[in-house]
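User: Hello! I am new to this structure and would like to know what stands behind the terms used for it. Could you take me through them?

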Amino acid sequence: MAQDKREALIEVKNLRVEFRIRGSRPFVAVRDVSLQVFKGENFGLVGETGSGKTTIGRAIVRINPTAGGVILFKGRRINGIIPKELDREVTHKIQMIFQDPMASLNERAKVDYIVSEGLYNTKNYRDEQEREAKVQKALLEVGLLPEFASRFPHEFSGGQRQRIGVARALIMEPEFIIADEPISSLDVSIRAQVLNLLSDLQKTKGLTYMFISHDLSVVRFIADRIGVIYKGQIVELAETEELFSAPVHPYTRSLLSAIPRPDPRVEREKRVLVYDPACHDYSKDKPRWAEVRKGHFVYGNETELALYGAVVTRPG
Amino acid sequence: MSEPILSARDVVVKFSLRGQVLTAIREASLDLYEGQTLAIVGESGAGKSVLTKTFLGMLDANGWVDSGSVMFEGKDLAKFATEREWLTIRGKKIAMVFQDPMTALNPLRTVGMQIHEVLELHQGLKGEAARRRTIEILGQVGIGDPGMRYSQYPHEFSGGMRQRVVIAIAVACNPRILICDEPTTALDVTIQAQILELIRALQTRLGLTIIYITHDLGVVANVADRVAVMYAGDIIEYGTAEEVFYDPQHPYTWALLSSLPQLGVRGRPLYSISGTPPNLFSEIRGDAFAPRNPRALKIDYVARPPYFKVTESHFARTWLLDSRAPKVEPPETIRAMRAKYVR
Amino acid sequence: MMSANERSALQAIEDQSLFTFAEYDEQAAERTGYSNYSYWGSTVRVFLKNKVAVALLLVMMSLLIFTIVQPLLPGQKSPTKIHNDPQTGIQIRNHKPGGEFWFGTNSIGQDLWARIWSGTRTSLLIALLVGIWEVLFGIVFGALWGYVRQLDALITEVYNVVSNVPNTILMMLLAYIMRPSFQTMVIAMCATGWLGMARFVRNQIIIIRDREYNLASRCLGTPTSRIITKNLLPYLVSVIVMRIALSIPGTIGWEVFLTYIGLGLPIHIPSLGNLVNEGRAAMMSPSLRYQLIFPAVVLSIITISFYIMGNAFADASDPRNHF
């Protein structure tokens, strides 16, 4: 893939995020993460609880402050203290979809206000009529009826509420959307609806996504490239099929072996690999983030990297 | 085929809520066979937990079993009225593992004491004997260094470890039936895989019969010998795992399986079910799934389908199995799965 | 597994035409998720179910209306006028309730009935003013304290110092400096009352400020002021109303206490505090006890009513009680 020529919309370099609890040492949520998200692609960020994947997403939209490294949007630095117009541009161009549809909407406000909240902030409309028209358009685009604008969130189901959250992000006409576990809190039969919606919107509007999830089977279906995070450190990054057919880092392999498959015969034969961080010896030979094959990055020391580079593609 | 150890027939469970009556379980029937694992799968609100709570007499105060029977060891659990009767069953014959290990354990007592308590209550073990048995059980559920862990508090354990402790408490008294209510939903996928292995190992070693409640079809494929699919308070399909996955008959099961991303093809939209499950306050005429079913027949709105037999062990509540119904092709994903199944 | 009912139902269905496809309306499926639960509607409904609270609400409302209406009724006397016996010219002191004076007279011949209602008016007015101040200043301050992280550390330290100064001493100081009067009373109690409300609001806000919908608002660029007014405060309305309901009897209680230690309203302004104090002086002789009983009863009614109503409202506004 000639990805060197593709435009990197977002670049994260050696990102470090800490949380300060008064009086004690800061908690390092994100240790050292470097990645790129190319224009038009769907980038999957995968990790279990405590991996820091949500924190990375929130650092990009400037909800969490960073303690080290840079985040670039179209080549300009957007973390740390930035000028007001750049901040406004980030608000405009980068939006987020949250995980819990029950907690991500203001229960005491009408859907109309919730969806237009961003518009009120950026004043991106000429008059009341135009604003209403934009709200209606956004609701229709996510498959909801315009009459829903006068209702309150508690009148809707989980899937519908999640779609209101998508409408709220879309109305800003963003270029980049970070979807933080958008379907994990939804019922199984509703997940497909929201996934389809996100895919459609990407195609029709040329959006770029970062899809954060702990569910590898969902990410396999929707993402073009996947980054795997373990305890604040990115350990592997590759194109989706490459990652699934030739994973090299032991954590990725253990994660892949544990995915439940809806096929009884396959599940019976499954052998789960357990990842033990002690299998790495980083005392003498320090690890680094390196490209072992074209477009396939891994975190490891020299001995490990040499091994990874020689891995042959696993069948199926 | 042997006799089931627990048999539920036409169970109806109602709740009184906001001044109205909600019918949570509408004439559900199922059979549980000894030594096997039955997975009950369905969306939230389908009634999976409510149904199993009737086996333990743990319905909320505003709920009751309206009709039907649950036969276990010659007694009808649906007719139990006193706490005394339930105490002979709970923990001793039928035990339950809940979803959230954080709230299932008492944070103020050590882990050892909590298992100790159960042993004393049901098996009369005291003192040193109870302690030795507790340490033995902790080891059996895969907790390393059980002697030291015995005197630790729940907050000193990780999520997966805590769930192991909850399982230990549940199996401490060798119950005949273990009900697991979404025990791994809150856990990471690698920990989940380990817990599932543990449950299977315990089943073999202790001869347990397990009811496993979940909405995750991947987990069902892993643990289940038999599967019951629930929708809107009713069991709409029931069969062995292979039958339900490779040869499903009910349109809801088709929809559920086809909407899984694991079975989806990249670039093509996933099959999705529109709308939401019905309101259980009002009476439902006919098939509850009909309004969301593009392949619904007119009769689905008129009369409720009975269970049609597909094989000796496979039943489904759908008019499509009636001889008079037109031939309907299931979605592509299902047809692909059928190819794997040898009749 | 089929029951007898089902088998007969199966045979009874003769109509072949039922086995054809039905109309499928996807839009209709979309509309099924609607529920018409209303938070305030349910809150009111649960509150009205509490018969005691509703009865007391009616009692308080009647009391309030009456204190306003009473001076306009015919035949009412002035609360400060000293009544003299027309024949002897001596003051009608300590006259038992009955006849001309419905509640009797006090030790200098004033009509107790008029004094009670005037006193209740005054005390309620003080409580209301203090309550309003608590709401306006206490909430705004507490909201900023809770939401703006940079302010939290500083204000918490200041709060820890200030809140440890006993209210009594502060009020005594203010009363001494400013001389007893209606305004002094109000100012003194405002100065100490808002702290509790501010602390309470701050704690509530800390609980909800990091919920996802607030993060979403930040992501959308919503300024702090609008996040506080549209996202946070609407959630706190019910707890704030409850606090106000409980602060009113609290204020009156403080007023009575201050009067007792001599820092209350001047004697020529009747208030429940003054009345209770006068009554206390007459308490020892059984024939004069009525002078204490009447104001004490009114005070108790107010305190108990607001307390019960406040708690009933708090319970009613908890969504978990809405079934």
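This is a predicted model: local features need pLDDT of at least 70, side-chain atom pairs count only at pLDDT 80 or more; totals for chains, interfaces and linings use all residues.

User: What makes the radius of gyration of chain B agree with a compact globule?

Analyst: The radius is taken over C-alpha atoms, and the globule rule is 2.2 Å times the number of residues to the power 0.38. For 343 residues a compact globule would have a value near 20 Å; chain B has 21 Å, so the two agree. Its C-alpha atoms fill a box of roughly 70 × 50 × 40 Å along the principal axes.

User: How many helices and strands does chain B have?

Analyst: There are 12 helices and 12 strands in chain B. Both are DSSP runs numbered from the N terminus: helices are H or I with at least four residues, strands E with at least two.

User: Which residues of chain A and chain B count as being in contact, and how many are there?

Analyst: Two residues are in contact if their C-beta atoms, placed from the backbone, lie within 7 Å. By that test, 27 residues of chain A touch 33 residues of chain B. On the chain A side, α6(A) gives the most, with 7 residues.

Conventions:
Residues are numbered from 1 along each chain as its sequence is written. Chains are lettered from A and ligands numbered from 1 in the order in which they are written.
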